Every structure is written in structure tokens, then in C-alpha cells.
Amino acid sequence: MIQIKKRKSQLTVYEKNQLLQYGFQEVDLINQGELPVEYLTGFVNFANLTLKIKPNVLIPRVETEELVSLIIDFASDNLKTIRYLEVGTGSGAISLAFFTYLLQHKKLSLKKFILTDISPTALTLAKENFSRLFKEEMSHKVKFLESNLLAKFSNKRKNQQQFNVIVANLPYIPSDQISALDCSVKNYEPCLALDGGSTGFELINQMLIQITAKNLLAKNGKIFLEVYPTHNLLFIQTYFPKIAQEFLIKEVQDQFAKQRFLILQRR
Ligand SMILES: C[S@@+](CC[C@H](N)C(=O)[O-])C[C@H]1O[C@@H](n2cnc3c(N)ncnc32)[C@H](O)[C@@H]1O
């Protein structure tokens, strides 16, 4: 049971602006304990988009916008057609930002665009965000699929079209680190979106095993992951050697020089 207290700290400029933008008063948040401002207003800004957000769905983070930039750079420099899959889409933030880019840059032809999540609440919100942002006639281009990782995907045979962009910002916090998270996160955001098992890499590992076993990644395709800062190449070679054997792995730091992303391709 969460104890609702007054906020310990003063509201930040960001929080004040968010409240102002959506017609709330400072006092509305002060009396809400450590509730993230986005859950109060019901909106979050991500990559120049305004998305709806609600409790039980992770609030997309500004750092994740960099993952979108990595995908855009890869797609625009290397691909002509896009066969895209996101695993664990949450509010849909990453995919909706990339979809926006695709609509604005028509030289990339869209063949497949699939968003999955295990949480029906998240998937419903992702669909709602899609409908709010894009015209009805776009809806046939995108598929929303409720699935535990890639359980609902069947094996791709030799000449079948595989995905050439796979993205996942799956839960990656090691279970024993959850209690150390900020109260505004651990008391309000869904554990299903945070807890990545004993090493934090457990779900990501399972997904990568499924991608290999089901032959889902095209030869020229890449997998883009957001990970915990300790999930670097050495960590994977040490604890998940099969993954290191299967994929070429590139570490990418975020704008604060923190190890945050991995880009994988088939060897
Ligand atoms: C860290 S959140 C990221 C959400 C969104 N992609 C973003 O970047 O804001 C992780 C998401 O993975 C989903 N998830 C957790 N376990 C999953 C599983 N076994 N299969 C598919 N999705 C899962 C959660 O419901 C949550 O929406």
C-alpha cells in the first residue's frame, strides 16, 4: 500500500511547465506524494510527439529518444524497405517516433511494422496513441500483437522475409536493484516494465535466443537494445557467451557518456 504524502522536494521547472501546459495547479502535484507528473496530466512528450500515458505503462524516457535516432540513422543509410518489429512497446513511443520519420521520408518503403507487448494495458495505450497521431488510413500499416516476447512468432523459413529492424527496450533492471530505485519509479511505475530478472539481462537474452531460433533477423538487419549500464560486451561474453557467439555486438553510449545501448547483427 502506497502512503500518499506531500512531496519532499519542490517541483522542478519541468514539472511546473507540464502542469501549466495541461491546466493543472502546482498544488495538484504537491499533494500526490512522489507521483510522476506525467501520470497526473496523462500526457508525456517524446521525440517531439505528445503521447498519452497512464499508470501501469512505463513513462518513456528522454534517453530512449537516442535509440530512435540510432534506428533512423541505420535505416536511412542502409535500407530501402523496412520490416520492423518492436518487442515491449509500452506506450508505443519508440515505434511511433520512427513511424513519424518514415511518413516524412517516403524513400523508405514500409513492408512490415509490428508492435508487441505482454501487457494488454500497454498495447491498448499504444494503439490509442497511434490513432491520435495518424490518420485512419494508416492503420493497416501497423500491427499490434499481445505476446510474451516472441512466443506468437513462427519460425521463418529460408526465403521468407525477415525483420531488418528489431528494437527492444525490455525491462533491464536487476531484480535486487529495484528497491534502490527512486520512489517515484518503484512506487508508481509497473514492475513488469522494470524488473529484468537476476542479471537484468534475462528477458533480453530470452528474446535474442528466440530471434536466432526462429530465424527472425535478416542478414542485413540489426537489433537495437536499450540496456542497463553494466550490460556491455564483456558482461555478455562472460555471462551469455552464446549470444556473443551468435551476434556481432556494438556498445553505444548515451549523450551523458553512459553505456546504454547495444546494436547487434548476425555474424
Ligand atoms: C522498459 S518498458 C519500455 C516501454 C517502451 N518501449 C519505452 O521505451 O518506453 C518495457 C516494456 O516491456 C514489456 N514487457 C515486459 N515483459 C515482457 C515480455 N515477456 N514480453 C513482451 N513485453 C514485455 C512491458 O510491459 C513494458 O511495456
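User: In which loop is Asn215 found, and is Asn215 buried, partly exposed or exposed?

Analyst: In this predicted model, Asn215 sits in the loop that joins α8 (202-213) to β7 (217-226). Its phi is near 60°, a positive value in a residue other than glycine. Buried residues have under 20% relative accessible area and exposed ones over 50%. The relative accessible area of Asn215 is 24%, so Asn215 is partly exposed.

User: Where does Asn48 lie, and does Asn48 count as buried or exposed?

Analyst: Asn48 belongs to the loop between β1 (43-46) and β2 (49-52). Although Asn48 is not a glycine, it has a positive phi of about 65°. The cut-off for exposed is over 50% relative accessible area. Asn48 has a relative accessibility of 85%, so it counts as exposed.

User: What is the secondary structure of the protein chain, and why can the protein chain be called as compact as a globular protein of that length?

Analyst: The chain comes to 10 helices and nine strands. For 267 residues the globule rule gives 18 Å, and the chain is as compact as a globular protein of that length because its radius of gyration is close to that value, at 19 Å.

User: What does the C-alpha trace of the protein chain span along its principal axes, and what share of the residues counts as buried?

Analyst: Along the principal axes, the C-alpha trace of the protein chain spans about 60 × 45 × 35 Å. The accessible surface of the chain is about 13600 Å², and carbon and sulfur atoms hold 51% of that surface. Of the 267 residues, the share that counts as buried is 51%.

User: Of the contacts in the protein chain with a separation of 6 or more, what percentage is accounted for by residues 24 or more positions apart?

Analyst: The contacts considered here have a sequence separation of 6 or more.

User: How many residues surround the ligand, and how do the residues of the shell divide?

Analyst: The ligand is surrounded by 20 residues, and the closest are Gly88, Asp117, Asn148, Leu149 and Asn169. By class, the shell divides into 10 nonpolar, eight polar and two charged residues.

User: Which backbone and side-chain atoms lie by nitrogen or oxygen atoms of the ligand, and what percentage of the ligand's accessible area does the protein cover?

Analyst: On the backbone, an N or O atom of Ile118 lies 3.3 Å from a ligand nitrogen, and a polar atom of Leu149 is 2.8 Å from a nitrogen atom of the ligand. From a side chain, a polar atom of Asn169 lies 2.8 Å from a ligand oxygen. On its own the ligand has 600 Å² of accessible area, and the protein covers 96%.

User: Where in the chain is Asn169, and which residues is Asn169 in contact with beyond its neighbours within four places in sequence?

Analyst: Asn169 lies in the loop between β6 (163-168) and α7 (183-186). Its C-alpha is 24 Å from that of Leu108, a residue 61 positions away in sequence. Leaving aside neighbours within four places, the contacts of Asn169 are Thr64, Val87, Gly88, Ile94 and Glu226.

User: Which helix holds Phe74, and is Phe74 buried or exposed?

Analyst: Phe74 is part of helix α4 (residues 65-78). With a relative accessibility of 7%, Phe74 falls under the cut-off of 20% and so counts as buried.

User: Which helix holds Val37, and how far is the C-alpha of Val37 from that of Tyr14?

Analyst: Val37 lies in helix α3 (residues 37-41), and it counts as buried because its relative accessibility is 2%. Beyond neighbours within four places, Val37 is in contact with Tyr14, Glu15, Gln18, Leu19 and Leu29. Val37 and Tyr14 are 23 residues apart along the chain, and their C-alpha atoms are separated by 9.1 Å.

Notes. Residues are numbered from 1 along each chain as its sequence is written. This is a predicted model: local features need pLDDT of at least 70, side-chain atom pairs count only at pLDDT 80 or more; totals for chains, interfaces and linings use all residues. Side-chain values use heavy atoms; hydrogens and water are left out. A residue is near a molecule or strand if one of its heavy atoms lies within 4 Å of it. A polar contact is a pair of N or O atoms within 3.5 Å; within protein, one must be able to donate a hydrogen and the other to accept it, and residues adjacent in sequence count only if both atoms are side-chain atoms. Accessible areas come from the Shrake-Rupley method with a 1.4 Å probe; for residues, only the protein chains shown count as cover. Ala, Val, Leu, Ile, Met, Phe, Trp, Tyr, Cys and Pro count as nonpolar, Asp, Glu, Lys and Arg as charged, and the others, Gly among them, as polar. Helices (H or I, at least four residues) and strands (E, at least two) are DSSP runs, numbered from the N terminus. The radius of gyration is taken over C-alpha atoms; the globule rule is 2.2 Å times the number of residues to the power 0.38. Buried means under 20% relative accessible area, exposed over 50%, partly exposed in between (1.4 Å probe, protein chains only). Contact means heavy atoms within 4.5 Å.
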